[in-house]
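Please take a moment to look over the sequence and the fold before reading on.

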Amino acid sequence: MGEKKGKSPGRGSGAGAKDADQPVGRRVLLIGGAVAAVSAAGIAREKLSHLWWRLPGVEKSRVAGAVDFRGAQWVAASAANWRRADRPDDYSIDRVVIHVTQGSFASAVKVFQDPGHGAAAHYIVRKDGHVTQMIRELDVAFHAGNREYNERSVGIEHEGFVDRASSFTDAMYAASARLTAGICGRYDIPVDRDHIIGHVEVPGTDHTDPGRLWDWDRYLRLVRRARTASA
């Protein structure tokens, strides 16, 4: 979610993220010529390389309502707002993307359950530190507005507004830091600003979250502390 540059606040994580996550269209096959044929074949091979896990007996087991972060509440996002995958076996996970909802916790849950919204993040952290998981980490959430970043990252929404310092409570920072520390531990992600980024830093985005009031120094310090404690 987060405020769009030069626009009114957007509703929903990564508005337009679904469009960026669509498969290559028929036009690729209609270009004609040998070069286009080779290119299309390369695209087909790339797609197939990420589908091996769909073979019988290969896909990871799934349990309805299971969460990746202990203590999180499971509330399923609409299946239209994410793509089934088998990460990190088909796509490596090397980023955590920090978002701000530009609205209430309840409104974020509602839009992520809306199949017409076209976007959702893996997690939402409420002001009081409550964590809700809406998409499994092994699946690709449409949250970043960039297909490659969607495939390689976990998205975390935070209740509040980018221009209100009061949105970012002690409880929120602490809970989010524990969540991010767990993600970094599972996928061996370095705890630094190259790998824990804001939505605004995703290439091609038109969002500004988490904004200048998000305390990155404090957040990374808390993530490192939580990471050390769980090691």
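**A covered strand and its sheet**

Strand E7 is mostly covered, since six of its six residues are buried, where buried means under 20% relative accessible area, exposed over 50% and partly exposed in between, with a 1.4 Å probe and protein chains only. The model is a predicted one, in which local features need pLDDT of at least 70 and side-chain atom pairs count only at pLDDT 80 or more, while totals for chains, interfaces and linings use all residues. Residues are numbered from 1 along each chain as its sequence is written, and side-chain values use heavy atoms, with hydrogens and water left out.

In a regular strand the side chains alternate between the two faces of the sheet. In E7, Ser153, Gly155 and Glu157 point one way, whereas Val154, Ile156 and His158 point the other way, and all are buried. The names of helices and strands follow DSSP runs numbered from the N terminus, with at least four residues (H or I) for a helix and at least two (E) for a strand.

Which strands make up the sheet, and in what order? The sheet is open and has six strands in the order E1-E5-E4-E7-E3-E8, with mixed pairing; two strands are said to pair if DSSP finds at least two bridges between them. The edge strands are E1 (73–74) and E8, each of which pairs on one side only. E1 is joined to E5 (residues 131–133) by two bridges, and these strands run parallel, with Gln73 opposite Thr132 in E5. E7 is joined to E4 by three parallel bridges, and there Tyr123 has Ile156 as its bridge partner in E7. E3 and E7 pair in the parallel sense over four bridges, and Val96 has Val154 as its partner in E7. Three bridges, again parallel, join E3 to E8, where Ile98 stands opposite Gly198.

**The nonpolar cores**

In soluble globular proteins, nonpolar side chains tend to be buried together. A nonpolar core is here a set of buried Ala, Val, Leu, Ile, Met, Phe, Trp, Tyr and Cys residues joined through side-chain atoms within 4.5 Å. The largest such core has 32 residues, and those with the most contacts inside it are Tyr123, Val131, Leu179, Ile183, Ile196 and Tyr219. At least two residues of this core come from each of E3, E4 (123–125), E7 (153–158), H6 and H7, and the largest share, nine residues, is supplied by H6. Another core, of 14 residues, lies apart from it and includes Phe105 and Met134.

**Aromatic rings**

A search of the whole structure finds seven aromatic pairs, counted when the ring centres of Phe, Tyr and Trp (its six-membered ring) lie within 6.5 Å, with planes under 30 degrees apart called stacked, over 60 edge-to-face and the rest tilted. Tyr173 and Trp214 form a tilted pair, 4.8 Å centre to centre with 45° between the planes. Tyr173 lies in helix H6 (residues 170–187) and Trp214 in the loop between E8 (196–198) and helix H7 (216–230), so this pair ties together parts that are 41 residues apart in sequence. Both Tyr173 and Trp214 are buried. Ring pairs also link Phe168, Tyr173, Trp214, Trp216 and Tyr219 into a cluster.
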